[in-house]
Amino acid sequence: MMLILSFLTEIILLSAIFSLLAVDLFFLRKKEDVLRLRLIGTLAALSAVAAAFPLLLNSSQKFYALSGMWVLDPLVIFAKLAILVITFVTILLSMETPYTPHISEYFALILSAALGMLFLVSAEELLMIFVALELLSVSLYLLTAFHYRVERSSEGAVKYFLFGALSSSFLYFGLSYLIGLSGTTNLSLIGEYLRSLPHITSEPLLWVSAAFILVGLGFKLAVVPFHLWAPDAYEGAPTPVAAYISTGSKLASFFILIKILFVAFEPVAGSPLHTAFVSGWQPLLAIIACFSMTFGNLVAMAQKNLKRLLAYSSIAHAGYILVGVVAATQLGISSVLYYLAIYAFTNLGAFGVIVAVSSKTGGDDIGDFAGLGRRSPLLAFFMILFILSLAGIPPLAGFFGKFYLFLSAVGRDTEQYGLMWLVVVGVVNSAVSLYYYLKILKQIYMIEPTDPSPIRASRPVVFALLLAALFVAGLGIYPTPLLTRLDILISYLPPIP
Amino acid sequence: MNILTLIFWTSLLGAAVIFCLKPDAQRSIKRVAATTGLICLFLSLVAFLGYDLRMGGMQFLLKRPWIPQLGISLHVGADGISLPLVLLTGFILYTGVLISYNVNDRPKEFFCLFLILVTGVFGVFVSMDLFLLFVFYELAVLPMYLLIGVWGSTRKEYGAMKLTLYLLVGSALVFIGMLALYFASGLNTFDLIALSQVDFPLPFQKTVFPLLFIGFAVLGGLWPLHTWSPVGHVAAPTSVSMLHAGVLMKLGAYSCFRVAVMLLPEGARFWLPAIAVLATVNIVYGAMVAMVQRDFKFVIGYSSVSHMGFVLLGLASMDTVGVSGAVLQMFSHGIMTGLFFAIVGRMVYDRTHTRDLEELGGLSKPLPFAGFAFIMGGLASMGLPGLSGFIAELQILIGVWNRYPLLAALTGLGIVVTAAYILRVLHKVFYGQMSTKIHHFEPITPLEKLAGIILIVNLVLIGLFPSVMVTMIYVSVAPLIRGLFG
Amino acid sequence: MDFPILSLMHLFPLLAGLCYLFLPSDNKPLLRWGAFGITLIPFLFSFSLLKHFNSQNPGFQFVEKMPWIPAIRVEYFLGVDGLSLTMVFLTTLLVPLAVLASFSIEKNIKTYMFLFLLLETGTLGVFLALNFFHFFLFWEMGLIPMFFLIKIWGSEDRDAAAFKFFLYTLFGSVMMLLAFQVLFLATKTFDFTELVILSRSGLLKVSLLFWAKRVGLPFTPEVMTTIAFFLISVAFAIKVPIWPFHTWLPDAHTQAPTAGSMILAGLLLKMGVYGFLRISLPLFPDVVRTFAPFLAILALASILFGAFAAMAQTDLKRMIAYSSVNHMGYCMLGIFAVSASGGLEAKASALNGVLLQMFNHGITSAALFFMVGVLYDRAHTRDLSRFGGLRKIMPIFAGLMGISAFSSLGLPGLNGFVSEFLIFRGSFSLMTPLTLLATIGLLVTAIYLLSMLQLLFHGPLGEYASFSDVTGREIAVAAPLIFFMFFVGIHPSPLIELTNEAVVHLLKVFS
């Protein structure tokens, strides 16, 4: 019974995928695109909501199934709920304009990507992780190409696919070494094995595998120097898909990154403190974080296309999040989870506004947003909210998120402030990033529109934006409930110093 | 209900009400803004008068947990340092709204942002929690960007961007300092009162103090980080200039003291002499640059830089009288510069559409009230006795003599140059020849007059009966300084 | 004395002036007579002061004292003694006359008159205040109305003149302010009487030394007091003005409206001398003594330079202005002479002479400036060379002008002679060579005033043949001044009696 309950979410989604396809095939072939979009979109959204209910019924115990391949505990449930909400919002955003006549396929793929994410966060076993990642990635490759009238869409998709495939092979390669080395695919057993090694530093194979795994995951997270696909994919993909890639996929990938690093690779963590440097994945990630933040922000300044800009900004944000990972404390993990959650909503919101605006203006360059403050005060207001949250301005959630991340990083070493260097880089970066965020605000409010006709967003989009805005403002002003919850959830990870 | 929280909730509520109104309901939007301003002013007066002088110290305290995991609480309180500034904000808010009654382009957004900004300002002055203070601080800075960028004039986008970036780089420094403080205290708290009782190790103080002080002092206009300020002033719409120079710059100076100096007294002792030198440069350099400007607003902008130098110098004096003077100067300069910007922006520029000193002239005839108000402000600015500026600068210099006699003597130069540029502007704008291009303007409206008179009354009242405020400031500052610097 | 007569007297013009602002702007007679009426009240008060003043008491009388700003120990502190009483009387006398002299002003009467009322409050405040804060408040308050009087109602070059006047004076004020801040830090008081007591007991130096030590200034108390003295005295020296700080004065006088010049020469310059007597001398007797030769040379330079410069002028007003420099030089000579070693009697004579000279010059220069104004009103020029033979068409005017000029050049029987005689009598025994040189000034003054009279009134009638003689109002302005010229010239003892005790008391610092 527990087993079925624990799989119920995935089962619901799976059946939803098929029923969507079936409904479209059998009942809606002849109908207009807009109607199909509304109907199938609503169905997809409902199924995402329905899939969330079984999660709420699960107990707070840690539950293993399939000989440890499948895990369900409150932390995982939290991640899954977040993924479902993200999926829900993405579906709402997709209902603004049809990007494609293949409507049911589109939503089915979104749900299958969601399925991949759900599996991913439940996995504590290498093969499962790999399979889930592939399910997620392949769905996203396809979704990226769905903007079929736009050439950039296929270009982005191909790039995304090529880089993705390459990264998968890196990951596969790394994982296979690890399996060969330790003789097991279970994360915690790998951890135990590594701990038992007498001379862990003298295992070249271990280092190779760890490096390859980081490279593979780095692609998924789009951190420098593995970020090259992101701007093109974001720009080319249908905007809701870009939103989905930058939020859902990122959340799931970070989640699994944390699991791999803290469960399996805990013995080779090393130390990034400048006062006590020990090589390991932490210093490596610290450097990656540094580059991601700096590079992402600097390049974002030069962007003219808003989606590309957000792509670079999301590269930078991945860097910020890595700061929390590098902090590697209870506080750090908690801050990473908090940031992932609020970043997802903020970015979804920002992309949501792009969806609404570009459906009217037909483009998503920054210039297309000129005079939005006059054309649609509501959308402009939402955009300010999300942009300022991304910029980390209080009292929005993005501010508290960054504050929490950096706080945890400083807290790593309170004697000599060994991680302060990374925090300084981060803080300077977030000040720099303000420049391009303000540039967007400038377009919205200070430039007069060439076409002053008002823009009206459709109801689902406004609803989605409202939802995101509530999260962004609410969690910014009063983050306490989420923090309290996260404190409890962290205890389901293996003990962290 | 705590009166301090009531003040900022009121202004926030005002913003919310305006947010819900229809964009074309201009009259009701303005009426709501003015009412909010009046209520806030009234509440800050109540708080100001309600302060118990015999008890001293922090009053109207309220503490509620906010983010207990990180030791962050909603902790407010006020003493004789914050209350004059709260009152100042009340005055500038109300007169600012009166002065901006002619904003007809998107008034809804304007007043909404305006009130949000003011909420931030009120919040900073009453925050007793470092995190809360920081949140309000940024809340006060950011609306500035839009207010200047959308409703401003003369290179508004550049001015807005420069201002915001400078200030946020400053707050990035503060941010780092804040995190360092949090962990160094080991108390898991951001509470300012608790932190001020911690004895931080000397090397730590020496390292972190400049972060916090400089970070806040950017907003205070400390030379050489002041360059955003005149540009921003010039670009900003009138009431925003009023708030900006009148209150926002005080926010920086106030936080410098409340956070940097009070938490890290040893660091202060080490660094403040250097800061004092910079502040003196502020005074003299600001005045000299003001002397050679062609744009009326730039003159006032640089005069703010110069006067903020006095505030910072007073804070750097580490002396009871000096710091009291700095607090009074914040109030006095806030009122004075508010008046100036009301004159420059609203009374002169909106009518003549030029701020070029070469083109303006002879305005005392068509706009006698503007001339009178400028004279009053100008005299206060020169530090003439009988107006509030004098008593503030007197106290500051008394404090400064004790520590930095040479600098105190140098400020004399600043005062003389100040008189020179005020007279120059007075002559060029209100006397002298009027350009033929300018003629026929409407007289000063009653609302403008009301705003001007409120501010002038303040200048004179504090000038003649400074005890109203000085006693309160003194009662609060004296024990603090004694505790910090012995 | 419970009745706050001093407060009433010196605040009355201000308070009444505020009400005055609400009078209708278009009723010119009402505005003029109203202002005149207001200024008469302090005059009545000062009569009552003269009546109740006990001239045997060297200390302050009619004292009013209450806390003002406790945080920096500032008090509201008023009092009058022999040094200030004559000045108070002079002020209350001159201001109504100046108002009366301004009846010809047509432009913006209300503001004009209000500025005069403000000026009266400011000037009285300076003479009555016994706390530095209070003193400084009114010191600066006098500056502003004068600035605007010159700036708005002055003649061609008024802007530059007003600017120069303001900046010069303000520069001095700032120096004084800085010095007093140091004094406050060392002594913790702004109270003149307390400061004098400290100075007499030598504690002033000690506390300055302590302060310098605490702050880390490597100065001896002598250096400290010297710096303080010079900082403070710069303010007064500019106001007096002593050569070489006088350059603002000819411009300001020339450009100011007639009544403005009357007040400027009659009262504002006296504030400088009064400052020396009230502050510089009693607080820093040692410094004055050390630097007396140097300072006296400056005074001598003022006398000679003022006289010679006046002789070179063709502009009537400038001439009178330079003659003020010259006359104030006598005051300064007397003041610096008393610090030299010598008999008390000589010193008392010199100092009484100084006080009397202040009063006399106030009367005389006001009269002269008024006369020039009368002429200017008619001719719209002040160029001496364009006049001539006026005695024929303006006999009364010629008489009045003659008396004033003779008073100024020190004709016995008129007031100027008495005071200059007293000064010279005193300083001769104290600083013989300088005094001898200073007499050259007397000679030159006589030359230029006489030649002025000659140019104006004798010779053939110039281009201005159709002038009417002085009006009744103009006579009313001149008459009191002329009366005092004769009164003091013939019977100076009541005035000297008023000042003598205070002078003797002041001189104790040099014994």
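The legends below describe close-up views of a predicted model.

Local features are given at pLDDT of at least 70 and side-chain atom pairs at pLDDT 80 or more, while totals for chains, interfaces and linings use all residues. Residues are numbered from 1 along each chain as its sequence is written, and chains are lettered from A and ligands numbered from 1 in the order in which they are written.

**View 1. Overall dimensions of chain C.** Chain C holds 20 helices and two strands; helices (H or I, at least four residues) and strands (E, at least two) are DSSP runs numbered from the N terminus. The C-alpha trace spans about 70 × 55 × 40 Å along its principal axes. Of the 511 residues, 61% are buried. A residue is buried if 20 or more other C-beta atoms, placed from the backbone, lie within 10 Å of its own, exposed if 12 or fewer, and partly exposed in between.

View 2. Strand S1 (residues 61-69) and strand S2 (residues 74-80) of chain C run antiparallel and are joined by six bridges; strands pair if DSSP finds at least two bridges between them. Met66(C) stands opposite Tyr76(C) in S2(C). Four residues lie between the strands, and Arg73(C) has a positive phi near 50°. Phe62(C), in strand S1 of chain C, also has a positive phi, about 55°, although it is not a glycine. Phe62(C) is buried because 20 other C-beta atoms lie within 10 Å.

**View 3. Helix H19 of chain C.** H19(C) covers residues 472-490 and reaches 26 Å from its first C-alpha to its last, close to the expected 27 Å; the expected span is 1.5 Å times one less than the number of residues. The helix bends by about 30° at Ala478(C), and Pro480(C) follows within four residues; the bend is the angle between axes fitted to the seven residues ending there and the seven starting there. Its buried residues include Glu474(C), Leu481(C) and Phe484(C). The buried residues of H19(C) pack against helices H3, H14, H16, H17 and H20 of chain C.

**View 4. Contact of chain C with chain B.** The contact takes 25 residues from chain C and 29 residues from chain B; two residues are in contact if their C-beta atoms, placed from the backbone, lie within 7 Å. Helices H5 (132-153) and H6 (158-187) of chain C each supply at least two residues of the side that touches chain B. H6(C) gives the largest share, 13 residues. By class, this side of chain C has 21 nonpolar, one polar and three charged residues. Nonpolar means Ala, Val, Leu, Ile, Met, Phe, Trp, Tyr, Cys and Pro, charged means Asp, Glu, Lys and Arg, and the others, Gly among them, are polar.

**View 5. Cis peptide bonds in chains C and A.** The bond from Trp243(C) to Pro244(C) is cis, with omega near 5°. Pro244(C) lies in the loop between helix H9 (221-239) and helix H10 (248-255) of chain C. In chain A, the bond from Pro394(A) to Pro395(A) is cis, with omega near 5°. Pro395(A) is placed in the loop between helix H15 (377-391) and helix H16 (397-411) of chain A.
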